[in-house]
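Notebook open, structure about to go up on the screen. I'll jot things down as I look them up.

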Amino acid sequence: MTDKFISVEGIAKRYAGAGRTTAVFENLWLSMARGEFACVIGHSGCGKTTVLNILAGLDAPSEGAVIVDGQAIAGTSLDRAVIFQSHALLPWRTVLGNVAYAVSSKWRTWDRARVKAHAQTFINLVGLSGAEHKHPSELSGGMKQRVGIARALSITPKIMLMDEPFSALDALTRGTLQDEVRRICLETGQTVFMITHDVDEAIYLADRIFLMTNGPGAVLAEIVENPLPKLRARNDLHRHPLYYALRNHIIDFLVSRSKSFASQMPDHDPRNVPTVRIGKPELLIASRGEEPPQAAWPGLSRPSTSA
């Protein structure tokens, strides 16, 4: 990639204990472009959250460095907003108070009226108009996460870091928030680094998907480019001729290849991780003897049957 807005350069994380040192991961390299939405998938213990915490400045790597927009990360910064699995709201503050607190922390010279107006803009953006004066105890789980998203976006971060933010929600609420996050990120050009265990969530949201092997000693095995159109609708995903090929590739990695990757790829170069590009729609459709769904995906052309 030419635009390395985020550059993770050879980081490792090790923990000492019980007379030995355990490496969660070693020599991890990856990069992201400005405005890209990337998801990391891997089994528990592979270091996904540790990588996110290092990007946030909440943790430090045992070695290596992370460069964001040309500057090395050295601690926390309001340029990087984190949305956790739990909403992490201040219970004594209202919706407006929680968002305004973040705004006033970023722009300390703003007066109260300006802070309130700015916070209100992002409360409206996540669909919480009318709930400004409610406390977290009066909100549903989905509404609390909306406040967390509004709070993160209100400080106009360079990067939004998301640690399985929808995992505790019911399926309908999770889908609604995924739609909202996708819409907002497309409109604002936000750069997002997200951790998930949900393959379909990654396919719907991400431009690229990072596949991590099992830990300890995890490595970044593959980078999968999402071949689906940038402007995609949830209801049409399964109709796309590359959807199942993409989904099956990721699931096959998680179920089998992630466990045996080290033995199968002993010469894996962490600085040159392969990028997987699922085949062209025309070729895949021709091999199945099917036709692309023209109504749902008008940009696809029919495969030629001529010699």
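By contact I mean heavy atoms within 4.5 Å. This is a predicted model, where local features need pLDDT of at least 70, side-chain atom pairs count only at pLDDT 80 or more, and totals for chains, interfaces and linings use all residues. Numbering runs from 1 along each chain as its sequence is written, and side-chain values use heavy atoms, with hydrogens and water left out.

**Q190**

I looked up Q190 and found it in the loop between α5 (171-188) and β8 (191-195). Helices here are DSSP runs of H or I with at least four residues, strands are runs of E with at least two, and both are numbered from the N terminus. Setting aside residues up to four places away in sequence, Q190 touches G35, E36, L153, P157, K158, I159, M160 and C185. A polar atom of the Q190 side chain sits 3.3 Å from the backbone oxygen of P157. Is Q190 buried or exposed? I put Q190 down as buried because its relative accessibility is 8%; the cut-offs are under 20% relative accessible area for buried, over 50% for exposed, and partly exposed in between (1.4 Å probe, protein chains only).

**α1**

Next I checked helix α1 (residues 48-56), where seven of the nine residues are buried. Among them are V51, L52, I54 and L55. Just after α1, I noted a positive phi of about 85° at G57.

**H135**

Last, I went to H135, in the loop between α3 (112-125) and α4 (141-154). H135 is partly exposed at 28% relative accessible area. I get contacts from H135 to P91, W92, R93 and T94, not counting residues up to four places away in sequence. The backbone oxygen of W92 is 3.5 Å from a polar atom of the H135 side chain.

Terms used
A polar contact is a pair of N or O atoms within 3.5 Å; within protein, one must be able to donate a hydrogen and the other to accept it, and residues adjacent in sequence count only if both atoms are side-chain atoms.
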